[in-house]
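Trainee: I have a structure open and would like to go through it. Can we take it step by step?
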Amino acid sequence: MDISCVRTKRSKVNEMSKKQRFIGKRLSQVLTIFLAVMMLSFPLLPIGEGIAQASVPDKFDLSDAAEPLFTSKALTDNTVQQSFAFDNTNNCIYVVQVTAGGQQLGTETRTYTAAERALNGDLTVTKLSTTGTVLGKMYLMGFGHGLSIGAEPVGTTTYLWTDVDAFQDDSTDANSYGTQLARFAFVNNQVLVHTDSSITKYSPVAGADRTTVNVDMANGLLTVRYRTGVVGSRSFHYSVYDLAKFKTGTFTPLATVDQPSTLGSFKGFVSYGSNLYVLDGNAYNSSTNPTGNTYITTVDFNSGAQVDRSLTNAGSSLLFREPHGMSIQTVGSAVRLSFGFASYKSSTDTGKNANIFYKDAFVSKMFDLSDPAEPLLTGKALADPTLQQGFAIDNTNDHIYMVQVTNAGQQLGTETRTYSSAERALKGDLTVTKLSSTGTILGKMYLIGFGHGVSIGVEPVGTTAYLWTEVDAVNDGSDGNGYGTQLARFPFVNNQVLVNTDSSITKYAPIVGADRTTVNIDMTNGLLTMRYRTGVVGSRAFHYSTFNLAQLKGGTFTPLATVDQPTGLGTFQGFVSYGSYLYLLDGTAYDTATNPTGNTYITTVNLNTGLQVDRQLTNAGSSLLFREPEGMSIQVVGTTVRLCFGFGSYRSSTDTKKHANIFYKDALVTGT
């Protein structure tokens with residue numbers, strides 16, 4: 001079992017680092033999901049209200065027993081499979097081998113031996129059905145060793161990603177390895193030479209060699225394995241990129257990790273979301289190695305730490321049984337971590353067959369709401385003396401952005417008069433205070449016509465913080481407040497008075513007809529969650545939809561999950577999502593006379609199932625005067641992740657101006 005992930009109560013998260021926070025990780029697929037429509041090329045599926053949602057997992061459970069996809073399937077050549085990639089849109093598999101000796105291909109003037117093929121970097125690609133039937137083949141001349149490949153479907157065409165421009169970098173190794181990456185269309189029976197103009201080549205890491213590649217279509221990512229350094233001190237690394245940006249030549253990695261030192265003979269890798277999976281081992285020999293030595297290792301792209309390593313006995317009855325290749329397969333709503341073995345055809349025939357096995361269980365984590373809360377900051381003044389509404393933590397630059405309804409009596413920007421508190425609330429005017437992580441004021445900004453600020457998000461881009469808020473406030477007549485009808489993204493600019501019609505604001509309306517829109521950004525997992533209301537007067541209800549952040553910014557409003565707000569909540573006061581789980585804050589101001597224990601609750605909802613899985617009263621800040629719960633966010637401190645929630649309080653027993661307070665919980669338990 002993955003003991004680094006399945007923790008006991010009071011344990012701490014050890015999942016993050018001070019590196020740029022990686023956006024790959026997604027929502028757990030442990031539970032069954034019923035889908036109306038399945039887009040296999042992007043299992044980030046369109047979900048309508050009332051339909052069970054799609055989801056994306058945290059990380060695979062390596063203790064899960066492996067199942068065979070197929071065994072003992074012949075390929076085009078009799079050589080060992082090197083790697084393989086699934087095209088989950090067109091439901092086929094591409095398996096790559098070093099080309100067999102004795103063949104004369106394309107414009108070649110003679111046949112070549114197996115040793116010459118390996119030295120030249122010649123590869124054979126076999127196209128298979130998912131049951132192992134051969135559907136086609138292609139030859140790649142001068143590409144590399146094929147330790148890993150990727151498949152990118154574009155309609156019915158599959159673009160393969162491989163290493164290319166093979167070079168023998170070590171005279172003691174009879175193989176050549178690619179020095180760049182290649183993208184090209186699979187064309188049945190084609191003999192493709194590495195200099196062909198139809199190939200697009202990429203060199204993302206200057207000076208790197210032995211480049212190999214994996215494409216994570218589900219999450220829009222590309223991972224490169226490569227070697228750097230000088231002779232005698234070379235080492236392997238993995239960098240993960242946004243696939244769309246990579247294809248345009250933007251080689252800025254989302255995360256880079258070193259290859260673990262625990263590996264045996266490297267045999268392949270695949271990435272999925274924020275986790276890297278590496279395969280290592282040697283051919284099986286029942287005399288000298290009766291249990292085999294094939295391991296799968298999990299590395300967290302956020303921390304670079306090895307978080308699991310497990311021996312697998314999958315295919316232990318195979319003759320030869322050499323591990324080769326990894327890929328991700330999607331079948332309906334299931335996602336599979338697939339890995340391969342080459343085997344002898346029989347005890348008397350050492351020609352090689354292909355075999356693929358898979359694991360499809362996930363491990364997910366959620367915050368332990370029974371964990372005692374700790375104070376992050378208490379008794380802090382903001383730019384205005386009004387009540388804090390929501391807040392968001394920029395974990396890259398170590399800042400906190402806290403939003404309030406703008407105080408009365410101010411004339412801001414181009415305004416021609418001052419406004420009362422009631423007018424500010426009705427217009428949806430907000431004040432944002434920028435704080436240090438200890439609560440020191442670092443700046444302020446005013447937002448005119450935005451909303452009520454129940455929840456906000458922050459997206460750091462270098463040293464610039466882009467805030468996400470509601471925008472275009474309207475008053476629906478239910479109370480004296482204006483609430484947003486769209487989402488807004490804009491940079492924080494100190495002392496700016498930003499009007500909701502300003503051209504610097506990018507607006508999004510992901511849910512048609514929704515109102516009371518609020519937002520949270522889960523930067524760690526690359527997700528945006530929106531709370532919103534739909535329905536007609538008398539039957540309106542709140543829902544939460546979680547989106548891939550990068551895709552939403554590109555205009556693709558396809559939710560990964562949609563859940564209803566649970567019944568039984570008190571006064572809603574904020575929310576945050578982290579990975580597979582949604583956390584809600586509700587309650588009212590604390591009054592020791594009428595409500596001595598308070599009524600502030602945190603509720604956990606599984607975004608995959610929509611089920612409420614925990615609800616706990618919290619007495620955090622019980623000594624505060626007034627103590628109204630307001631806002632939630634996620635903080636990352638070194639290797640610890642914190643579920644943060646806030647309270648507004650009186651400054652003193654005689655001063656009802658408000659102070660800001662934030663508390664947190666930081667223990668995780670196995671998700672349910």
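Trainee: What percentage of the 672 residues of the protein chain count as buried?
Mentor: Of the 672 residues, 59% count as buried. Buried means under 20% relative accessible area, exposed means over 50%, and partly exposed is in between, with a 1.4 Å probe and protein chains only. Keep in mind that this is a predicted model, where local features need pLDDT of at least 70, side-chain atom pairs count only at pLDDT 80 or more, and totals for chains, interfaces and linings use all residues. Residues are numbered from 1 along each chain as its sequence is written, and side-chain values use heavy atoms, with hydrogens and water left out.

Trainee: OK. How many helices and strands does the protein chain have?
Mentor: Four helices and 46 strands. These are DSSP runs numbered from the N terminus: helices are H or I with at least four residues, strands are E with at least two.

Trainee: Why does 28 Å agree with a compact globule?
Mentor: Because a compact globule with 672 residues would have a radius of gyration near 26 Å, and the protein chain has 28 Å. The radius is taken over C-alpha atoms, and the globule rule is 2.2 Å times the number of residues to the power 0.38. Along its principal axes, the C-alpha trace spans about 95 × 50 × 50 Å.

Trainee: And what share of the contacts links residues 24 or more positions apart?
Mentor: That share is 57%, counted among contacts with a separation of 6 or more. Contact means heavy atoms within 4.5 Å.

Trainee: Which feature does UniProt place at residues 80-301 and 388-636?
Mentor: The unreviewed UniProt entry gives "domain: P68 RBP/TagC-like beta-propeller" there. UniProt positions are in the numbering used here, feature names are shortened, and annotations may be inferred rather than shown by experiment.

Trainee: On to single residues. Where is Val134?
Mentor: Val134 lies in strand β6, residues 134-141. Val134 counts as partly exposed because its relative accessibility is 44%. Leaving out residues up to four places away in sequence, Val134 touches Ala74, Thr126, Lys127 and Leu128. Phe663 is 529 residues from Val134 in sequence and 59 Å away in space, C-alpha to C-alpha.

Trainee: And Gly379, what does it touch?
Mentor: His659, Ala660 and Asn661, not counting residues up to four places away in sequence. Gly379 is in strand β25, residues 374-380. Ser652 is 273 residues from Gly379 in sequence, yet the C-alpha atoms are 9.7 Å apart.

Trainee: Is Leu668 buried or exposed?
Mentor: Leu668 counts as buried, because its relative accessibility is 4%. Leu668 is found in strand β46, residues 668-670.

Trainee: Then Thr567, buried or exposed?
Mentor: Thr567 counts as exposed, because its relative accessibility is 73%. Thr567 sits in the loop between β38 (561-564) and β39 (572-578).

Trainee: Last topic, backbone angles. What is the phi of Ser72?
Mentor: Ser72 has a positive phi of about 55° although it is not a glycine. Ser72 is in strand β2, residues 67-74. Asn495, also not a glycine, has a positive phi of about 70°. Asn495 is in the loop between β32 (486-491) and β33 (497-499).
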